[in-house]
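Visitor: I would like a guided walk through this protein, one question at a time. Please keep the answers plain.

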Amino acid sequence: MLTHSNADVDAVAASCAVAYAVKNLGVEDVKVLIPEGISVDARDCAKICSEALGVTIEVYRKNTVPMASSIDVCVLVDTATRVQLKNLAVLIDNCSALAVVDHHAEREELENLVLAIVSPESSSSSELAFKLVKALGIEIPHELATLLLAGILSDTRRFLRSNPTTFRIAAELLEKSADYNEALKLSTPRTDLQRGSRIAKIKCILRHVGFRVESPELLIALSEVGAFESHCANLLLSIGYDVAMVLTEDDALKAVRIVFRAKSDSVERAGIDVYNDFLKPLIEKFGGGGGGHRVAGAVVVMRRDVDEVAKALGQVLRMRFGSKIRVFAEERVQV
Ligand SMILES: [Mn+2]
């Protein structure tokens, strides 16, 4: 089993399930190989996989490759291109046959492919791995059911993107004694639990300035944090803003970085392109670069002073919306 570098919860859970199934079919030498490393969010999943389910997981750091002149079958899990395999990409040439279990739509063509369980409609690779294990008639222990449920929760962002099958499979996993609370815990990003991230989010809220635009109706937030900018931007969207732009001083670049997030339906309705309308003017003024798409991206502006860039950004907004933009002016609670 091979999966992508910085393996996430879905990648680890699905690879683990496929490896567990193949082992149960009587194949002795089965391993999950992961290039470069396992994402911090998926470390607990990897531990359960190896300790409770007895599946061998090997991580190959940069520039290292396992010693194997020939491998019978390689299964690529949750991986759409060779590049994602990093240092392990060379292994593919040593595989007599290749199989794929994946839910990504954009795929690279592979030689030697004998089996492709690929379905972009599926919520996750964990969902596909579950179907495979079930079809092979292998009993699913509760640890594996929990892992697969965590994979589904993680890739669907707790059922934000899902269809009837997703719920049906989740229900089946619960019937197979998956532990829902444990799966929730396993699928919660580590950073959400970190103190640093929580403090950054509190500062993000305390420091932010909110703008209200009438026709097109739009709520825009600016804030500044020292770290976790994307968390700050996502948080601002989650409390109701349509667009959030978060500034941070980048010491290494001696510049100011701006991360943005937007709600696609809101910006579409308002005919706004955050990058081109709000941030490109700053790059033209101060130098820098960056990009992104309609709903997410980041730019670097060649100025050290966050306040200067924030003021310029405020000006851009006022130029664009004129008298239709207002700052939310509320008194802080007096204590
Ligand atoms: Mn996935």
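Visitor: How many helices and strands are there in the protein?
Guide: This is a predicted model. The protein has 335 residues, of which 38% are buried. Its count of secondary structure elements is 12 helices and 13 strands.

Visitor: How far apart are the C-alpha centres of domain 1 and domain 2?
Guide: The domain assignment gives domain 1 as residues 2-191 and domain 2 as residues 195-327. The C-alpha atoms of the protein fill a box of roughly 70 × 40 × 35 Å along the principal axes. Between the C-alpha centres of the two domains the distance is 36 Å.

Visitor: Which strands stand at the edges of the open sheet of 7 strands?
Guide: The order of this sheet is β11-β12-β10-β9-β8-β7-β13, and its pairing is mixed. A strand with a single partner has one side left without a neighbour in the sheet, so the edges are held by β11 (288-292) and β13 (325-327).

Visitor: What is the average twist from one strand to the next in that sheet?
Guide: The sheet in question is the open one that runs in order from β11 to β13. From each strand to the next, its twist averages 15°.

Visitor: Which residue is the bridge partner of Phe260 in β12?
Guide: Strands of a sheet pair through backbone hydrogen bonds, either parallel or antiparallel. Here β10 (residues 255-262) and β12 (residues 296-301) pair in the antiparallel sense, over 6 bridges. Within β12, Phe260 is partnered by Gly297.

Visitor: Are helices α4 and α5 roughly parallel or roughly antiparallel?
Guide: Two packed helices are described by the angle between their axes and the distance between the axes. The axes of α4 (residues 142-155) and α5 (residues 164-175) come within 9 Å and cross at roughly 155°. Angles over 145 degrees count as roughly antiparallel. The two helices are therefore roughly antiparallel.

Visitor: What is the handedness of the crossing where α4 passes α5?
Guide: The residues that meet are Ala145, Leu148, Leu149 and Ile152 from α4 and Thr166, Ile169, Ala170 and Leu173 from α5. The crossing of α4 past α5 is left-handed.

Visitor: Which two residues does a cis peptide bond join?
Guide: Most residues other than glycine have a negative phi, and most peptide bonds are trans. In the loop between β7 (209-213) and β8 (218-224) sits Pro216. The cis bond, with omega about 0°, joins Ser215 and Pro216.

Visitor: How far apart in space are Ile202 and Ser215?
Guide: Ile202 belongs to helix α8 (residues 195-207) and counts as partly exposed, because it has 13 C-beta neighbours inside 10 Å. In sequence, Ile202 and Ser215 are 13 residues apart, while from C-alpha to C-alpha the distance is 30 Å.

Visitor: What is the phi of Glu36?
Guide: Glu36 lies in the loop between β2 (31-35) and α2 (43-51). It has 18 C-beta neighbours inside 10 Å, so Glu36 counts as partly exposed. Although Glu36 is not a glycine, its phi is positive, at about 70°.

Visitor: What is the phi of Asn112?
Guide: Asn112 is in the loop between β5 and β6 (113-118). With 13 other C-beta atoms within 10 Å, Asn112 is partly exposed. Asn112 is not a glycine either, yet its phi is positive, at about 65°.

Conventions: Residues are numbered from 1 along each chain as its sequence is written. This is a predicted model: local features need pLDDT of at least 70, side-chain atom pairs count only at pLDDT 80 or more; totals for chains, interfaces and linings use all residues. Domain bounds come from an automatic or database domain assignment. Two strands pair if DSSP finds at least two bridges between them. Helices (H or I, at least four residues) and strands (E, at least two) are DSSP runs, numbered from the N terminus. Axes are lines fitted to C-alpha atoms, for helices over the stretch in contact, and angles run from 0 to 180 degrees between N-to-C directions. A residue is buried if 20 or more other C-beta atoms lie within 10 Å of its own, exposed if 12 or fewer, and partly exposed in between; C-beta atoms are placed from the backbone. Angles under 35 degrees count as roughly parallel, over 145 as roughly antiparallel, 65 to 115 as roughly perpendicular and the rest as oblique. A crossing is left-handed if the near helix is turned anticlockwise from the far one by less than a right angle, and right-handed if clockwise. Two residues are in contact if their C-beta atoms, placed from the backbone, lie within 7 Å.
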